[in-house]
Amino acid sequence: MKSTYTISAAILAAVCASSAYAEVESLDPIKLTTHDWTGQIVNTYIMGEVLKKAGYNIEYVQADYIAQFAGLKTGDLHVAMEIWETTGREAMDEATATGNVVNVGESGMMAVEEWWYPSYMEEVCPGLPNWEALNDCAQEFATPETAPLGRYLGGPVTWGGFDDERVEALGMDFEVVHAGTDAALFAELESAYQRKAPIVLWLYDPHWAPTKYEGSFVEFPAYSSECYSDPSVGINPSAAYDCGKPTGPIWKVAWSGVADKWPGAAAAIEAFTISNADVGSLVAKVDLEGVSIEDVVAEWMAANEATWSTWIN
């Protein structure tokens, strides 16, 4: 009887699985890209697990943030869940202009990425958050490796952001040093913060760090698209990027063939939305509490079925 039950259960599971897959347009894997920061991986896994619930075959592919557009254009990659207005707009616009990549809409998150310093630095560098005050006391941010220049700790070089260009355009007495990973960036912030050591670094939101640490974003000259594209615009008439970074939506993009091959999945990806606060909370569970990404996503799925089920219905 036990053997018969086991076989029957296996047959039933196979039938149920077949029924689920029969509802999708293709069993070819939909390839979702993952990058090197926790929030992006969490959001990508949420989207992937929702699509799995609808019966789609999902594959997660590690890819470089900017270089991924080459694969999206050819259809070797299919979906990227986070293209930040702050750092990815130029690459996204170039890709969508080819017609091989489509903008699938806003993710619900709003991007802020900029130089940031702990509030205790205002005691040794009066005039902050103004960028000119930062430049006046660059020596306060110097390290043995960069002295007499101050050190700006940027994100991994693959994130883009034009920090090296900004330093040169604004004539700042700083050297840009790129953290190797997202984890290394925030480990160094934690160490400096505990010791009240000098630091100015790349910080972004959505993330848990702007809530955990007391500090401010540096105020650069206001961003404009012309500042990035036209050297004559801005305070340095001979250089582009002489302004702050843009803020704005975090976008979803896809290979243009997704809507034809997997129209149901394309609709679900377009419907996906999540807030900065929710993402910050999920990232904190992973980065601060040590919960695995898989467990965090599973917990979110269980608590938010009423939300994600509408994406696939």
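Predicted model: local features only at pLDDT ≥ 70, side-chain atom pairs only at ≥ 80, totals over all residues.
**Two cis bonds**

Select leucine 128 and proline 129 to begin. The peptide bond that joins them is cis, and its omega is near 20°. Proline 129 sits in the loop between strand 4 (101–118) and helix 5 (131–136). Helices (H or I, at least four residues) and strands (E, at least two) are DSSP runs, numbered from the N terminus.

Now pick aspartate 205 and proline 206. Here too the peptide bond from aspartate to proline is cis, with omega near 20°. Look for proline 206 in the loop that runs between strand 7 (201–205) and helix 8 (209–212).

**Two positive phi values**

Go to lysine 196, in the loop between helix 7 (182–195) and strand 7. Its phi is near 55°, a positive value in a residue other than glycine. Is lysine 196 buried or exposed? Lysine 196 is exposed, at a relative accessible area of 62%. Buried means under 20% relative accessible area, exposed over 50%, and partly exposed in between (1.4 Å probe, protein chains only).

Finish at tyrosine 241, which you'll find in the loop between helix 9 (225–229) and strand 9 (248–255). Phi of tyrosine 241 is near 70°, again positive in a residue other than glycine. This tyrosine is buried, with a relative accessible area of 15%.

Notes:
Residues numbered from 1 in each chain as written. Heavy atoms only, no water.
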